[in-house]
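Biologist: I am new to this structure. Please show me how to read it, one feature at a time.

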Amino acid sequence: MTKSTTKRKSKTVKPKVDYRIIVAIIGLLGTVATALFMSPTISLWVGNQSQIPPTPIVVEKDYTISSTKGWQFAGSLQQGDLVTIKQIDGTWTNNINNSAPGAASEYISGNGYPNRKYDEFILGAPLAALLGKIGTGTPFLVGENYQFHAPTSGNLYLIINDNTDSLDDNDGELTIHVTVQR
Ligand SMILES: [Ca+2]
């Protein structure tokens, strides 16, 4: 009996058990410390994720742009919006009185007359092409189809590339489909 008791005592190996407990405590403390350190990072990450909509907001609308009017409203933009302007119908002319073959009286799309330029808004832009601008910003060529990221917030305006004092002799209108993704 005495012998087995002694043997059992020597078998307990106290230092080994203590070492395991210490390792376990260190491990637990490490986990807790990591969790405490990470929690602000995680909450920050989750917070950032919640600010991003799961799907982009898409606004689509058709606008009738007349050849006899000046700059015409075609939607409100926010800086960074992905904007697609697409002609879906219509033709127009910048001079209904000029009937010579191939002349400017020929009804044409928003791409304008490829061999005729008119520089009032954009140097070298085709006559009767569809142009755009945001607010009072610099005009840009749209044509039949144009996609861009809005550099600034503001209202989008469209116009035929023609002398604004010579809109009376124009005719026709374009149906323009504007898609805004934000
Ligand atoms: Ca005209």
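Modeller: Start with burial. A residue is buried if 20 or more other C-beta atoms lie within 10 Å of its own, exposed if 12 or fewer, and partly exposed in between, with C-beta atoms placed from the backbone. Here, buried residues make up 20% of the 182 residues in the protein chain. This is a predicted model, in which local features need pLDDT of at least 70 and side-chain atom pairs count only at pLDDT 80 or more, while totals for chains, interfaces and linings use all residues. Residues are numbered from 1 along each chain as its sequence is written.

Biologist: How many helices and strands does the protein chain have?

Modeller: Elements are DSSP runs, numbered from the N terminus: helices (H or I) have at least four residues, strands (E) at least two. The protein chain has 2 helices and 10 strands. From the N terminus, the order is α-α-β-β-β-β-β-β-β-β-β-β.

Biologist: What order do the strands take in the open sheet?

Modeller: Two strands pair if DSSP finds at least two bridges between them. The open sheet has 4 strands, in the order E1-E10-E3-E8, with antiparallel pairing. Strand E1 (58-66) and strand E8 (145-149) are the edges; each has a single partner strand, so one side of each lacks a neighbour in the sheet.

Biologist: How many bridges join E3 to E10?

Modeller: Strand E3 (residues 82-93) and strand E10 (residues 171-181) run antiparallel, joined by 11 bridges. Look for Thr 91, which stands opposite Glu 173 in E10.

Biologist: Which residues have the most contacts inside the largest nonpolar core?

Modeller: A nonpolar core is a set of buried Ala, Val, Leu, Ile, Met, Phe, Trp, Tyr and Cys residues joined through C-beta atoms within 7 Å. The largest one has 24 residues, and those with the most contacts inside it are Ala 128, Leu 130, Leu 131, Leu 158 and Ile 176. Two or more residues each come from strand E2 (72-77), E3, strand E6 (130-134), strand E9 (154-160) and E10.

Biologist: Which element gives the most to this core?

Modeller: E9 does, with 5 residues. E9 is also mostly covered, with 5 of its 7 residues buried.

Biologist: Which residues are bridge partners in E9 of Phe 73 and Ile 134?

Modeller: Take E2 and E9, which pair in the antiparallel sense over 4 bridges. There, Phe 73 has Tyr 157 in E9 as its bridge partner. E6 and E9 also pair in the antiparallel sense, over 5 bridges. Ile 134 has Leu 156 in E9 as its bridge partner.
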